[in-house]
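Visitor: Could you walk me through this model before I set anything up with it?

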Amino acid sequence: MDEKKLTTIGVLTSGGDAPGMNAAIRAVVRRGLSSGLKVKGIQKGYSGLLNEEIIDMTAKDVSDTIERGGTVLYTARCAEMRTQAGQERAAEICREHGIEGLVVIGGDGSFAGAQKLANLGINTIGIPGTIDLDIACTEYTIGFDTAVNTAMEAIDKVRDTSTSHERCSIIEVMGRSAGYIALWCGIANGAEDVLITEKYDYDEQKLVNHIIASRKAGKKHHIIINAEGIGHSEAMAKRIEAATGIETRATILGHMQRGGSPTCKDRVYASMMGAMAVDLLLAGKTCRVVGYRHGDFVDFDINEALAMKKNVDDYMWEVCNSLSHNYSKRSSAML
Ligand code: ADP
Ligand code: F6P
């Protein structure tokens, strides 16, 4: 049976932006054009699709973008896409614009939209783009590497002033309900405590005891990395200061973690994923998501990918704790 030859594809970014998304867009555009396809850029995610904010992309349109943070296609969250009527309209608009294949760069929510479009006959491929690293089918998501390096550098700076003033510092990092940025910074910054929803027992007295013990052991600062999912850093700082008598400040890093020029890893991996998404469409694939596992770029069925679960690695968590959190306990135990 003769398969209809693919002629036109679209690309959009959806959900929170992430450094490296431009590299993925650029790869989709250039891989697509060099494979003889027309490539359309859809602005502002599903919202722009439903408003038909669709532009033809040339190779030049993505010049000077690989080094830039954010997304040149803009992004949005779109409630209408969650409805069946919205999904049907989105598929109809794709057909009206000749978009037979669509590359969706975003997180799990965006993939759910891509899955619905695939069910409605539009070939879709998802690319994991989120600083949170919270997509189960992949060990890498676009933007995490840049965001975690940005957070790490900011925490180093807070640590300098924290030491000078002999303070305790609570630094809140992003990640929605996932603790990957916090955990990686916990190791990279040598934090005394790391609080993540996946592991925190909400025993604040234990935390207070650690702070007092490490101060007694001679530590000049006490860095607590608090994941966004736990939050309430300001209130926590007040309670800790009252309980320990040690001056305590809270710093919420916020959206600065989402910006900035992507790292080499984010540029390269995002480029690989963008190119692979186009190759999958050219091979007639649909309802797939690109991932990175055990050193390889791979693809999964979106339904299966969305059903997968991801957990913080127990060994990594244990190592993180053994290198900082149990400072006084380990040193006394080893003597
Ligand atoms: P992320 O893609 O980073 O997980 P969101 O969860 O905010 O971010 O999802 C991004 C967008 O994807 C939403 O604003 C919505 O338009 C679309 N989306 C999310 N969930 C669904 C769903 N179940 N069905 C269809 N579209 C969805
Ligand atoms: O998913 C990326 C992320 O930055 C999360 O870490 C954070 O919880 C959320 O997006 C913030 O979203 P917004 O930009 O809508 O405030």
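Visitor: How far apart do the centres of domain 1 and domain 2 lie?

Guide: In this predicted model, the C-alpha centres of domain 1 and domain 2 are 35 Å apart, with the domain bounds coming from an automatic or database domain assignment. The contact, meaning heavy atoms within 4.5 Å, involves 7 residues of domain 1 and 9 residues of domain 2.

Visitor: Which stretches belong to which domain?

Guide: Domain 1 is made of 3-143 + 262-307, and domain 2 of 147-257. Residues are numbered from 1 along each chain as its sequence is written, chains are lettered from A and ligands numbered from 1 in the order in which they are written. Local features need pLDDT of at least 70, side-chain atom pairs count only at pLDDT 80 or more, and totals for chains, interfaces and linings use all residues, while side-chain values use heavy atoms, leaving out hydrogens and water.

Visitor: What area is buried between the two domains?

Guide: Domain 1 and domain 2 bury about 670 Å² between them, 58% of it on carbon and sulfur atoms; buried area is the accessible area (1.4 Å probe) that two parts lose on being put together, summed over both. Ile 131, Asp 132 and Leu 133 supply 63% of what domain 1 buries against domain 2, more than any other three residues.

Visitor: And how many salt bridges cross that interface?

Guide: The rule finds 0 salt bridges between domain 1 and domain 2, counting a side-chain nitrogen of Lys or Arg within 4 Å of a carboxyl oxygen of Asp or Glu. There is 1 residue pair in polar contact between the domains, both at pLDDT 80 or more, where a polar contact is a pair of N or O atoms within 3.5 Å; within protein, one must be able to donate a hydrogen and the other to accept it, and residues adjacent in sequence count only if both atoms are side-chain atoms.

Visitor: Switching to ligand 2, what does Asp 132 do there?

Guide: A polar side-chain atom of Asp 132 lies 2.7 Å from an oxygen atom of ligand 2, and a polar backbone atom of Gly 175 is 3.0 Å from an oxygen atom of that ligand.
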